[in-house]
Amino acid sequence: MVLRPGCLGDLAVLSEDYFSVPEPDIAHIEPLLTVVGGRIVYASAEYEGLDEVLPPVSPAGPRLRSGSDRSREAGAGPSSAGRARG
């Protein structure tokens, strides 16, 4: 595989060769290093300490809407037949 100059690649370094271990042992392969967009986002074992400290996950972004949210906005919420009247 050849990357063009200026292009970033994603890759993972695994503890074993996925293509040469016996099939039952595949479940025991562990990631050692993960690079995404040219940045080391996970590092363990001999690569420990190379990963960047990532910012905490924040719910500050827009909330994804579910199908039930859209139904309520359209006025098609739960039917009144099943609700107690008071």
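Which residues does S44 touch, not counting residues up to four places away in sequence? I looked this up first. S44 touches P31 and L32, where contact means heavy atoms within 4.5 Å. I placed S44 in the loop between β3 and α1 (67-73). S44 is buried, with a relative accessible area of 16%. I use buried for under 20% relative accessible area, exposed for over 50% and partly exposed for in between (1.4 Å probe, protein chains only).

Basis of the entries. I am reading a predicted model, in which local features need pLDDT of at least 70 and side-chain atom pairs count only at pLDDT 80 or more, while totals for chains, interfaces and linings use all residues. Residues are numbered from 1 along each chain as its sequence is written, and side-chain values use heavy atoms, with hydrogens and water left out.

Confidence. I looked up pLDDT, the predictor's confidence in each residue, from 0 to 100. The chain has a mean pLDDT of 79, and 66% of its residues reach 70 or more.

Chain overview. I find 1 helix and 3 strands in the chain, in the pattern β-β-β-α along the sequence. Helices (H or I, at least four residues) and strands (E, at least two) are DSSP runs, numbered from the N terminus. Of the 86 residues in the chain, 9% are buried. Of the contacts between residues at least 6 apart in sequence, 17% join residues at least 24 apart.

Sheet. I traced an open sheet of 3 strands in the order β1-β2-β3, with antiparallel pairing. β1 and β3 each have a single partner strand and stand at the edges, so one side of each has no neighbour in the sheet. On average, neighbouring strands of this sheet are turned by 15° against each other, direction ignored. The axes are lines fitted to C-alpha atoms, for helices over the stretch in contact, with angles from 0 to 180 degrees between N-to-C directions. Two strands pair if DSSP finds at least two bridges between them.

Strand pairs. β1 and β2 pair in the antiparallel sense over 4 bridges, and L14 stands opposite P31 in β2. Strand β2 (residues 31-36) and strand β3 (residues 39-43) also run antiparallel, joined by 4 bridges. There V35 stands opposite I40 in β3. β2 and β3 form a hairpin with 2 residues between them, and G37 in the turn has a positive phi of about 60°.

Salt bridge. I searched the whole structure and found 1 salt bridge, meaning a side-chain nitrogen of Lys or Arg within 4 Å of a carboxyl oxygen of Asp or Glu. R39 forms a salt bridge with E52, and the closest N and O atoms are 2.8 Å apart. The pair links distant parts of the chain, with R39 in strand β3 and E52 in the loop between β3 and α1, 13 residues apart. R39 is partly exposed at 39% relative accessible area, and E52 is partly exposed at 36%.

Aromatic pair. My search of the whole structure gave 1 aromatic pair. Y18 and F19 form this edge-to-face pair, at 5.3 Å centre to centre and 90° between the planes. Rings of Phe, Tyr and Trp (its six-membered ring) pair if their centres lie within 6.5 Å; planes under 30 degrees apart count as stacked, over 60 as edge-to-face and the rest as tilted. Y18 is partly exposed, at 43% relative accessible area, whereas F19 is exposed, at 75%.
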